[in-house]
Amino acid sequence: MANEVSRPAVKSVRQVEPLENLIETVWPGVFSPFITRQSTQPQIAHIDVLDHDDAFVLKAEIAGVDKDKLDVQVHGNQVYISGVKEEDRSREEGTYIYQERRYGEFSRTVQLPADVNGDQTKAIYKDGVLELTLPKTESAKRKKVAIS
C-alpha cells in the first residue's frame, strides 16, 4: 500500500460527559432507536489537545458563537468550556428544505493528563477557533534526570 499515509500516534484525552455516554460505552447504540446526539446537542466544540513540555494547547472549533457567550474554567487538570450558539432570529419567508445548523447551549469538559496552572492560562478566539494555552504546574512538567 504505497499510497497510505501514516499518522503519528495520538494520545487520547478522556472526556467527562453525561451519564448517557457511560451507558453508550457499555451498550453501544442503546439510545439509537430513540434519540440521536445530533438532534439533542449542537455539534460544537470539537477539540484537539497538544502536549508540549511545559503546557497543553487545546483548540476547540466553536464557529458561530459570540465570544461574549463563551465561558472557560480551569480546575486542576480539567478544562470546562460552555456557551450558547444563538439562532438567527431573522427568519425568512418560506419552508426549509434543509436545516442542519444546531443552536442552543453546549458544554465540554476535558480531563488533561496532568494539572495545569489556571491563573496563567491564555485564551485566544479567532475565526471560530478557541485556543487555550494551559501551562503545566511545576510538578507536572517533564524533568531531565542526570544519570551518574
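## Two salt bridges in a predicted chain

By the rule used here (a side-chain nitrogen of Lys or Arg within 4 Å of a carboxyl oxygen of Asp or Glu), the count in this predicted model comes to two salt bridges. Side chains of opposite charge can pair when their charged atoms come close.

| Salt bridge | N to O distance |
|---|---|
| Asp51 and Lys136 | 2.6 Å |
| Glu86 and Lys69 | 3.2 Å |

Let's take Asp51 and Lys136. Asp51 sits in strand S2 (residues 46–51) and Lys136 in the segment after S8, so this pair ties together parts that are 85 residues apart in sequence. Strands here are DSSP runs (E, at least two residues), numbered from the N terminus. Lys136 is buried, at 5% relative accessibility, while Asp51 is partly exposed at 29%. Buried means under 20% relative accessible area, exposed over 50%, and partly exposed in between (1.4 Å probe, protein chains only).

Now for the other pair: Glu86 is partly exposed at 49%, and Lys69 is partly exposed at 37%.

How far can you trust the picture? The mean pLDDT (the predictor's confidence in each residue, from 0 to 100) is 79, and 71% of the residues reach 70 or more. Over residues 4–16 the pLDDT is below 50. Where pLDDT is low, the predicted coordinates should not be read in detail.

Some housekeeping: residues are numbered from 1 along each chain as its sequence is written, and side-chain values use heavy atoms, leaving out hydrogens and water. Local features need pLDDT of at least 70 and side-chain atom pairs count only at 80 or more, while totals for chains, interfaces and linings use all residues.

Technical notes: Contact = heavy atoms within 4.5 Å. Helix = DSSP H or I, 4+ residues; strand = E, 2+ residues; numbered from the N terminus.
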